[in-house]
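Please examine the sequence and the three-dimensional model below.

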Amino acid sequence: MRIIQIAVGPDQVPLTGYLQDITSDGGIRNIRPCVVICPGGAYRFRSERERDPVALHFLNMSYNVFILDYSVREDAGNLNPLLEASDALMKIREHALAWMCDPTRIAILGFSAGGHLAASLAILHNHPLLAEKLAIVDENNKPDAAVLCYPVISGGEYAHKESLDWVSGGDAGLRSLLSLENQVTKEASPIFLWHTVTDPSVPVENSLHLAVALRKAEVPFELHLFEQGAHGLSVCTEEVGTPHPACRAWVDLASTWLNDRFHHTL
């Protein structure tokens, strides 16, 4: 495995890539689909539990994997995380040949506030505010798919206030823009969603309202709800401190969905 790191976005935050070894007998199979992981943490921090354990799963599925250390706290305003995620996808496509990444099979995966960031890119990738700040060419910042795990979505009654406070920087206009259930168009990327009905931190309505908006816009999506479970389950194992056999099913469900979309086999 090769490990690379580059800087992305206006604040030059780290994007770390874990790239599969190139094998002499692999041929075209050496060109891998990719997953960009955005850990959660209310835009206040980035959870360690939602990065390497997730990366290892997709590495074992022969994906190339990237982890984005997007801006948090005071640095999360001014659309910085969204600009960083956009730049991350553009950089991966720019270096696709050197890194042996398939530029047509790049997914973004996020947890909680990281799910909000992943959803923001899936929904707002072509928004004029981004085009003002980035040289976007042929939608080279658009994810080919997004996987959202108990995501922050709503800015209304079911909002996760801390996340939206940090990412909006107190700007009412940005807060409205980043209330994502109101921003969905037919141009959004296909989305996989999962949530627990009993999530005490980010209400399940965040995923439900997004699913309704995706349905109305005729955007492909898949939604899974689990009857019981706390927030921040990550991959639901002892390793991450949140073992949950029922919710653990999300890992295989999302993997199957993504493999099917990307026509990817091990």
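Just after helix 1, serine 62 adopts a positive phi of about 70 degrees. The model is a predicted one, in which local features need pLDDT of at least 70 and side-chain atom pairs count only at pLDDT 80 or more, while totals for chains, interfaces and linings use all residues. Residues are numbered from 1 along each chain as its sequence is written, and side-chain values use heavy atoms, with hydrogens and water left out. Helices (H or I, at least four residues) and strands (E, at least two) are DSSP runs, numbered from the N terminus.

Helix 1 spans residues 52–60, and its buried residues (under 20% relative accessible area, 1.4 Å probe, protein chains only) are Pro53, Val54, Ala55, His57, Phe58 and Leu59. Their cover includes strand 2, strand 3, strand 4 (64–68), strand 5 and helix 9.

Strand 1 runs antiparallel to strand 2 (residues 13–19), and seven bridges join them. Within strand 2, leucine 15 is the bridge partner of isoleucine 6.

A nonpolar core is a set of buried Ala, Val, Leu, Ile, Met, Phe, Trp, Tyr and Cys residues joined through side-chain atoms within 4.5 Å. The largest has 55 residues, and Phe66, Leu68 and Ile92 have the most contacts inside it. Helix 4 (residues 113–124) contributes the largest share of this core, eight residues. Beyond its neighbours within four places in sequence, phenylalanine 66 is in contact (heavy atoms within 4.5 Å) with residues including Ile4, Leu15, Val36, Ile92 and Trp99.

Which helix supplies the largest share of the lining of the largest cavity? Helix 4 does, with three residues. The lining of this cavity comprises Tyr43, Leu79, Pro81, Leu82, His116, Leu117, Ser120, Val167 and Leu178. On a 1 Å grid over the protein atoms alone, a cavity is a set of points where a 1.4 Å probe fits but cannot get out, and lining residues have an atom within 4 Å of a point.

Definitions and conventions: Two strands pair if DSSP finds at least two bridges between them. Buried means under 20% relative accessible area, exposed over 50%, partly exposed in between (1.4 Å probe, protein chains only). On a 1 Å grid over the protein atoms alone, a cavity is a set of points where a 1.4 Å probe fits but cannot get out, and a pocket is an open set with protein on both sides within 12 Å along at least five of seven lines; lining residues have an atom within 4 Å of a point.
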